[in-house]
Amino acid sequence: MLDEASMIDLPTLHAILRHMPEGARLLLTGDAAQLPPIGFGLVYHALVSDAQITANLTVIHRQAPESGIPTVSAAIRERRMPLFTDYQGVADGVSFVPCESGLIGDVVERIVLQLGGYSNGVLVVSPTKKGPGGVDALNARLHEQFRPSGAPAHDIKGFNAQYYTIGDPVMWLRNDYSRGLFNGQIGQVKSIPESSGERWLEVLFDGESSPRTLQLEDLMDLTLAHAITCHKLQGSQAARVVVPIYESRLLDPSWVYTAITRAERQVILVGDLAVLRQALKRPWTSENRQVGFAWPLGIHSDEDLTAGCCSGS
């Protein structure tokens, strides 16, 4: 079974199929409304358009109905502006906090502080790396805001103009099968050296029981994760998600839908409501992609099927 199959590009799926023994069956699960693969291809999207091999799952397990997130995400799938609850700090629901684009970094920072930051299950999901609402600026802001009083006075400098201290959430950026570390894996810095002349970190990654020591050369594959792009967080989740909404060519229904559904309990969108309305009028990202793969609809029987698909949130 392949989970999050909507993220799998054509070369990856081809490699998987080549290693399957003859007669094996493949079950793909995922959500075609989310962002398509970063690499080329749309195999999953073509397969789930065939009702003969697709089962649509209707029960959402990530979010409870009372969170309001399933209702809002369903509206986004239909390109409708959802109804938002008033923002009241830590509380289940989906709210929108309007602000001018130039103030978006200030407002996001204030909200993340109110919610308690990463230690309270909060992540920021942003469309871009650059700009006042982008990942780079927000990570620098939140790194300073959440610096613990007991941490060493110095920071550890990485290779991407970022600095790390105790308590910072971080993300690993490549697959390292020998160590069991994977692209997109999130953790938290637990220790840094007392001496400013040393450069290493102890990081406790999600799902692990003890911290790993990352040496100087490992810092090339690490980044701060107070704020993350939607593509990096796709396939993961957080209790509470803050989403800056500002003009970007990346904003379309699939981006907004994917960002909102990363949250388990609470979503706060911050920015320009007109930008959100315009984003919902744009084509889905997958609709703009030209591919050569075509699934032959209606010419196979159940006995011929070698792949099954499930689609749902």
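The structure is a predicted model, so local features need pLDDT of at least 70 and side-chain atom pairs count only at pLDDT 80 or more, while totals for chains, interfaces and linings use all residues. Residues are numbered from 1 along each chain as its sequence is written, and side-chain values use heavy atoms, with hydrogens and water left out. Helices (H or I, at least four residues) and strands (E, at least two) are DSSP runs, numbered from the N terminus.

Start with the parallel sheet. It is open and has 5 strands, in the order E3-E14-E13-E4-E12; two strands count as paired if DSSP finds at least two bridges between them. E3 and strand E12 (227-229) sit at the edges with a single partner strand each, so one side of each has no neighbour in the sheet. From one strand to the next, the twist averages 25°. E13 and E14 run parallel and are joined by 7 bridges, with Val241 opposite Val267 in E14.

Two helices pack on this sheet. H3 touches E3 and E14, and its direction makes about 55° with that of E14. Helix H5 (residues 135-145) touches strand E4 (122-126), E12 and E13, and makes about 165° with the direction of E12. Axes here are lines fitted to C-alpha atoms, for helices over the stretch in contact, and angles run from 0 to 180 degrees between N-to-C directions. Contact means heavy atoms within 4.5 Å.

Helix H3 (residues 69-77) has Ile69, Pro70, Val72, Ser73, Ala75 and Ile76 as its buried residues. Buried means under 20% relative accessible area, exposed over 50%, and partly exposed in between (1.4 Å probe, protein chains only). The cover over these H3 residues includes strand E3 (93-98), helix H7 (253-260), strand E14 (263-271) and helix H8 (273-281).

Setting aside neighbours within four places in sequence, Arg240 is in contact with Val90, Ala91, Asp92, Asn120, Gly121, Val122, Leu123, Arg265 and Gln266.

The antiparallel sheet is open too, with 5 strands in the order E10-E9-E8-E7-E11. Strand E10 (212-214) and strand E11 (222-224) are at the edges; each has a single partner strand, so one side of each lacks a neighbour in the sheet. The twist averages 45° from one strand to the next.

Within this sheet, strand E8 (residues 186-191) and strand E9 (residues 201-205) pair in the antiparallel sense over 4 bridges, and Val189 stands opposite Val203 in E9. The hairpin of E9 and E10 has 6 residues between the strands, and in it Gly207 takes a positive phi near 85°.
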